[in-house]
Amino acid sequence: MRTDYLFTSESVSEGHPDKVADQISDAVVDLFLSKDPEARIACETLTTTQLVVLAGEIRCKGVYERDREEWKDNDYWAPGAKEEIERVVRQTVKEIGYEQDGFHWEKFEFINRLHGQSAHIAQGVDASGNKDEGAGDQGIMFGYATDETPDLMPATLYYSHKILERMAKDRKAGTAPFLEPDAKSQVTLRYEGSLPVAATAIVVSTQHKPGYCLTGDNADPAKYAELESYVKRVVADVIPPVLLRETEYHINPTGSFEIGGPDGDAGLTGRKIIVDTYGGAAPHGGGAFSGKDPTKVDRSAAYISRYLAKNIVAAGLATRCTIQLAYAIGVSKPLSLYVDTHETGKVGDDAIEKAIMSIGKLGGLTPRSIRTHLGLNKPIYRKTAAYGHFGRKPEGDMFPWERDDLVDDLKLALA
């Protein structure tokens, strides 16, 4: 195992075009779950210059006027349903902050191509007779936790998120009026052993008002210096000073970033899965989260995997933990559970696996038991779609997979 190395993670802001798409998709998920906790949603979003397109499948009581067999026809929306979806989409973009010539919450063209869920998917997922509800898809999902940070997340991703969260807060509060919504950050840390000791490089690229750049017709070195100084202050507030002794900064390294967001680059749901999870510090099963209701194990099983890994580390059973789960569509029981504590475990990984499956409240990690234990059938997803799904503070019903309330159960099961 290497003991001295560099590692890098990136984050993107809520105004990044892919994140705009994620937030719209999850706003649609929340809308349908607020109407029907058992709703089924798979909503994909495309954003580009003055255009938002929705596509996907839904099943939701009260949204369509006629029977399920006729949901495939987009003419059968209940009165006002299409208009309500459009209002939610435009409000989401407004809250992000887009009022630009190339992308404006009030002016973009909106195309809705959502339709009814396939009956073949429904018959595999729904419970019937003695058959428990099956997984909404096949696949593998990973969870991860490490004691590098208070939130048990990789430090490179943790600090990358914090930089952009602070910048968005300042932009919306008016204390950084030169900022626009689109931004990216990247943090490189040098590790000795398992802990970070120095930030060797920090990259921040942020969309800005005209003039705050070094290249182009609007170039103004004094304004750029103001932006550069602001970003360095944010970094100093977010990252401990002890890590900033040998840091190289790259702030808007192209020189200018006036055109951004969906006007600068098309955005799609699910294209920032590493930003959403662990910044590359852990494996990823490949499935995106946003736009999916919690019967889709891409989402719910990834959440329970993080929950398990976090509680294992919080219980002091290991300082680092990776969990893998696997499912088959229409099958309720997981095909496999794998625990890897990376040689930091206080007990054997196989013992932890057996302990997890013995905890009654987890219900054998079936899709329904996951949703029940974590309370996932609620409109709680819009907020997950920017600055990471993990490492967040539980807030009421929000981020229940970040609770550490399984610690005592794990210790008891291993006693």
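Analyst: Two strands pair if DSSP finds at least two bridges between them. Helices (H or I, at least four residues) and strands (E, at least two) are DSSP runs, numbered from the N terminus. This is a predicted model, in which local features need pLDDT of at least 70, side-chain atom pairs count only at pLDDT 80 or more, and totals for chains, interfaces and linings use all residues. Residues are numbered from 1 along each chain as its sequence is written, and side-chain values use heavy atoms, with hydrogens and water left out.

User: Which residue stands opposite Tyr338 in strand 11?

Analyst: That residue is Gln324. Strand 10 (residues 320-327) pairs with strand 11 in the antiparallel sense over 5 bridges.

User: What is the strand order of the open sheet of 3 strands?

Analyst: The order is 5-10-11, with antiparallel pairing. Strand 5 (139-146) and strand 11 (336-340) each have a single partner strand, so one side of each is left without a neighbour in the sheet.

User: Which residues touch the most other members of the largest nonpolar core?

Analyst: A nonpolar core is a set of buried (under 20% relative accessible area, 1.4 Å probe, protein chains only) Ala, Val, Leu, Ile, Met, Phe, Trp, Tyr and Cys residues joined through side-chain atoms within 4.5 Å. Here the largest has 73 residues, and Phe32, Leu54 and Ile356 touch the most other members. Helix 8 (residues 297-314) gives the most to this core, with 10 residues.

Notes
Buried < 20%, exposed > 50% of the residue type's maximum accessible area, 1.4 Å probe, protein only.
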